[in-house]
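Hi everyone, thanks for coming. Please take a look at the structure on the screen, and I'll walk you through a few places in it.

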Amino acid sequence: MKLKTRRFKNQVARLFLAGVLFIAFSVSGICDLGNGTLTAYALEYLGTVTLSQCQIGVGETAQFTAESDYEVTYSSDDESIATIDSTGLITGISAGSTKVRATVTVGTRTQSFGRTITVVSDEDTSTDTSGTTSYMVANPSYVFSTVDGQTISTNAGGYDVTVLLFGNVYCINTQNTVKAIANSHWGNESNVRVVFADFLEHPKSLVESFMNTYGSTSMIGSYSVEEENPIRTALYEYLDIASLNGFSYPLIVLIDGNNQVRSITGDGYHSADEIYETISTFANVANSPSTPILTDASIAGSSKVELSACSVSLSKSSYVYNGKARKPSVTVKYDGTKLTRGTDYTVSYSNNKSAGTATVTVTGKGNYSGTVEKTFKIIPKGTSISNLTAKSKGFTVTWKLQKKQTTGYQIQYSTKKSFSNKTTKTFKKTIKNKTITGLKKKTTYYVRIRTYKTVSGKKYYSSWSSVKKIKTE
């Protein structure tokens, strides 16, 4: 993927690509054009951001991490749904969706990067390994140019279903997905609108040829060769909604008649029947068996199917260190069919014993080829507060030393049980007690502790201990 120069309307702007943060700043006076001054923009690297998971239950946690050499602060748009502490730890408070943000400060400039976190109640919590994430989020509005010389809005308009396909005209998975929908019954229903959006700035003639080859007359092809590419901007916002650091072609966005985003899928080819299965959960759209289409394997004759065309998922994304090798199970699906380990693919693990990021390598076998890598976290084992003693305008906290896979400890204390106005202190692993002073007199404080392990400059945190409270003297 190439990243082209863009014109920025503001002095500070954001570019998003696979979780990398930049800040743009203007440099004026580079060239005198006679009728004005050319303003150029440079990109300064700020760091990377990751969100461990985009959906949690009430009382559960997720980690939002911004790795940067600059000052980073975290905030939540709606703390009644989810709170986030100074380390980026998110806690689900009540059902709903909100954005959590990491703000990087560089001198007098700031740049904020947000991710959407969804909190579900216990009865709504479920595990989905299909690669599709469900939402009910307001659909952002963008306008694209179409190959027939018109414009089209991402707003639902009068359609019960809008399918947005962000892809690459040269990608076989994009070609197959568009053709699958074109050959389906539901894809040509009057209450369904299917829009293909090529975000790699291919010319209009190429996108038009693509639609004539793979699409249907009812489908809409859109393109952009503008300096400020609205298709790319829209793509980044949908990735933001889904908390995705990247995706496999095509990105599939489903929007209902109330202009709500209902699902975002970013793990490659999906059959028309798979897409219809999701659509049927929120809209009444007629369907009949789809016309079979050429698969990756049949297009290539005797060629094998690349694993990159398959959906690959792990049973767990995080483990607690226990001194043993951690091995989450792997599920691989192609065109909705679950593949067999040992027959269709093999699995190997690396760096999966100590705290840090472990890697799972899935290698094709038999009719499948290529490799796909997935990662999961191993966090250090936590500790607990063994004693909490009141002092004049302070307290002394003592904890159990955690000798293995521990770089240090973090203590948080607050006058509120929710820790909404907390203070965080960090200590070396050799320290087992600390006196906190300078607090309010005769005031109750809530205290908790966790461990962390630094691996290659990145901190991995344990879960927080149970909370204890103390009243200062």
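Let's start with Lys 393, which is partly exposed, with a relative accessible area of 42%. Buried here means under 20% relative accessible area, exposed means over 50%, and partly exposed is in between, with a 1.4 Å probe and protein chains only. Before going on, please keep in mind that this is a predicted model, where local features need pLDDT of at least 70, side-chain atom pairs count only at pLDDT 80 or more, and totals for chains, interfaces and linings use all residues. Residues are numbered from 1 along each chain as its sequence is written, and side-chain values use heavy atoms, with hydrogens and water left out.

Back to Lys 393, which sits in the loop between strand S27 (385-391) and strand S28 (394-399). Helices (H or I, at least four residues) and strands (E, at least two) are DSSP runs, numbered from the N terminus.

Now for a strand, S13, residues 161-167. How many of its residues are buried? Seven of seven, and the strand is mostly covered. In a regular strand the side chains alternate between the two faces of the sheet. In S13, Val 161, Val 163, Leu 165 and Gly 167 point one way, while Thr 162, Leu 164 and Phe 166 point the other way, and all are buried. S13 pairs with strand S14 (residues 192-198) in the parallel sense, over seven bridges; two strands pair if DSSP finds at least two bridges between them. If you look for Leu 164, its bridge partner in S14 is Val 195.

Next, find helix H1, residues 172-182. This helix is mostly covered too, with nine of its eleven residues buried. Among them are Asn 173, Val 178 and Ile 181.

On to salt bridges. A salt bridge is a side-chain nitrogen of Lys or Arg within 4 Å of a carboxyl oxygen of Asp or Glu. The whole structure holds five of them, and I'll show you some.

In one, Arg 101 meets Asp 77, with the closest N and O atoms 2.9 Å apart. This pair links distant parts of the chain, 24 residues apart: Arg 101 is in strand S8, and Asp 77 is in the loop between strand S5 (71-76) and strand S6 (82-84). Arg 101 is partly exposed, at 24% relative accessible area, and Asp 77 is also partly exposed, at 45%.

Another salt bridge joins the side chains of Arg 448 and Asp 85, at 4.0 Å from N to O. How many residues apart are these two in the chain? They are 363 residues apart, with Arg 448 in strand S32 (residues 444-455) and Asp 85 in the loop between S6 and strand S7 (89-92). Both Arg 448 and Asp 85 are buried.

Arg 232 and Glu 201 form a salt bridge as well, at 3.6 Å from N to O. Here Arg 232 belongs to helix H3 (residues 230-242), and Glu 201 to the loop between S14 and helix H2 (204-214), 31 residues away. Arg 232 and Glu 201 are both buried.

Last, a backbone detail. Phe 419 has a positive phi of about 60 degrees although it is not a glycine. You'll find Phe 419 in the loop between strand S29 (408-414) and strand S30 (423-428). Is Phe 419 buried or exposed? Phe 419 counts as buried, because its relative accessibility is 4%.
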